Amino acid sequence: IMPYLMHDDLRVQREAFVCLYRISGTRRKEVLLRIASEAGEVLRPDAVKALIPYCDTEVAAVLGELLGEYEHFSDAVRDMLLVQVGAVLVRCPHVPAIEALDKFLLLKGKRAGRKIGEDVWIAAGEAMAQLEAAQKEERRRHLHETRLIIDETKKAEQPVARSPEEKIAIT
């Protein structure tokens, strides 16, 4: 079925995508990653959007590669696809997604990034801000949990303080 993803007729490509999506079952993430990286550019936004439930480091890596391949997409598809990639990266693990977006955002204002629309830069900046805020919140929460564990450990290790009357009663 995969060769039909590169067929000249867009209707054939769409039907092949729908067929692969439905029959892939437990291998759906693998199939979607392959479609996102190998299929014709018209299907890529659909494959990227379908990857939302599978966000992990592998998905972030493939989407980061897509951000790096922006030059190879036509003007008609490029901005929509890049915005979609940014929207999915926000849901991925923080470190690989931040690395991918950071690398992409370095192109802003440079000659290589001239063909990219302003809405893409805005969406990428917002995605980066959301990821950084989520990472900061996660660090804060982790630090708080660690402090709670340390406090509980200290309380368990402290001897029980008894009044002089209790000490006499015990002996």
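Helix α4. I looked up the length of helix α4 (residues 57–68) in this predicted model, helices being DSSP runs of H or I with at least four residues, numbered from the N terminus. Its twelve residues should span 16 Å at 1.5 Å a residue, and the end C-alpha atoms are 16 Å apart, which agrees; the expected span is 1.5 Å times one less than the number of residues.

I then listed the buried residues of α4, which are Val 59, Ala 60, Val 62, Leu 63, Leu 66 and Leu 67 (buried means under 20% relative accessible area, exposed over 50%, partly exposed in between, with a 1.4 Å probe and protein chains only). Seen down the axis of α4, these buried residues fall within an arc of 165°, so they line one face of the helix; the arc is that of the directions from the helix axis to the C-beta atoms. Among what covers them I noted α2 (28–38), α3 (44–50), α5 (75–89) and α6 (94–105), where contact means heavy atoms within 4.5 Å.

Two single residues. I found Gln 135 in helix α7 (residues 118–157), where Gln 135 is buried with a relative accessible area of 17%. Leaving out residues up to four places away in sequence, Gln 135 touches His 94, Val 95 and Ile 98.

Ala 76, in helix α5, is exposed, with a relative accessible area of 71%. I also noted that its C-alpha atom is separated by 9.3 Å from that of Val 42, 34 residues apart along the chain.

Basis. Residues are numbered from 1 along each chain as its sequence is written, and side-chain values use heavy atoms, without hydrogens and water. In this predicted model, local features need pLDDT of at least 70 and side-chain atom pairs count only at pLDDT 80 or more, whereas totals for chains, interfaces and linings use all residues.

Terms used. Helices (H or I, at least four residues) and strands (E, at least two) are DSSP runs, numbered from the N terminus.
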